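Thank you all for coming. I would like to walk through one structure with you this morning, so please have a look at it while I talk.

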Amino acid sequence: MERHLIVTGYPRSGSTMFYNMLRHTLQDFALYEQELPAARLLEQPGNQCTKRPKDVFDVPRLMQLNRGRKRIDLVITLRDPRDTLISRHVAVPDDYFIGADHCYFVPGNRPPQFTDPGLLANHKMILQISASGLFPQGVFFLKYEDLVSDPEAVQQMLGEGLDLRFDGKFSDFHTASIPGTLAWSLNGVRPVEQRRERKWARPEHRARIIDQFTRFPVLHDILFQLGYEDDRGWFEELCAQAAA
């Protein structure tokens, strides 16, 4: 059976870096030099691998279009919501790229617009997919923190869990030729940064984090669900630092 591997999930969660790792190592699949909707290539013969965060909203329709013709596997990229909420993009240098409510849409030939679904809508859709039964073989949830701390361990788990074959190492992705369209979203091509620094805790981001978690307290529940925190002590400490 032919296959389609879809990489989707949170915006600014390392999906572009991960896709370049796949382009550098994954065997037996066609991979592309830009972000493409899975629907555009679903009917193409052979094994395909595509990456597009917004495809998370298109998964139910993709499964209907496929009609069981191909085996579809889903890799959903995740990241500590606090680091996601302070992420930047070269197309929007003067603002945070994604908020709890909305995310910037970068059309390419027009100015970016703050109109795409934000973190909450993305997370809600991920939960719906997880509970939908569309993937009896399971969904591979990939945390950004795991990918950067031990890329080869993730590579091994992917190979075993999704029956994928690789040549080369994920951590060497930056040594390969990376198309400009994919390098752009990386904010620069560089080796994997393996430090687990809490960037969101830096003083320059305190106001941002306090604002988002105050206006959208459900973000605390997402931290609990994903295993990043088990209480609100970190937030109380952050507020105390801001008030000092």
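Strand E3, residues 71–78, runs parallel to E6, and four bridges join the two, where strands count as paired if DSSP finds at least two bridges between them. Within this pair, Val-75 stands opposite Phe-140 in E6. The model is a predicted one, in which local features need pLDDT of at least 70 and side-chain atom pairs count only at pLDDT 80 or more, while totals for chains, interfaces and linings use all residues. Residues are numbered from 1 along each chain as its sequence is written, and side-chain values use heavy atoms, with hydrogens and water left out. As for the labels, helices (H or I, at least four residues) and strands (E, at least two) are DSSP runs, numbered from the N terminus.

Which order do the strands take in the sheet? It is an open sheet of four strands, ordered E2-E1-E3-E6, with parallel pairing. At its edges lie E2 (48–51) and E6 (140–143), each of which pairs on one side only, and the twist averages 20 degrees from one strand to the next. Helix H1, residues 15–25, packs on the sheet and touches E1 (3–9), E2, E3 and E6, and its direction makes about 160 degrees with that of E2; contact here means heavy atoms within 4.5 Å, and angles run from 0 to 180 degrees between N-to-C directions.

Turning to E2, this strand pairs with E1 in the parallel sense over four bridges, and Val-7 stands opposite Lys-51 in E2. Gln-48 and Thr-50 point one way from E2, Cys-49 and Lys-51 point the other way, and all are buried, that is, under 20% relative accessible area, with exposed meaning over 50% and partly exposed in between, using a 1.4 Å probe and protein chains only.

Now to a pair of helices: the axes of H9 (residues 206–215) and H11 (residues 233–243) come within 10 Å and cross at roughly 130 degrees. That makes H9 oblique to H11, since angles under 35 degrees count as roughly parallel, over 145 as roughly antiparallel, 65 to 115 as roughly perpendicular and the rest as oblique. Among the residues that meet are Ile-209 and Phe-213 in H9, and Trp-234 and Leu-238 in H11.

Finally, two loop residues: Asp-28, between H1 and helix H2 (38–41), has a positive phi of about 75 degrees although it is not a glycine, and Arg-67, between helix H3 (59–66) and E3, has a positive phi near 55 degrees.
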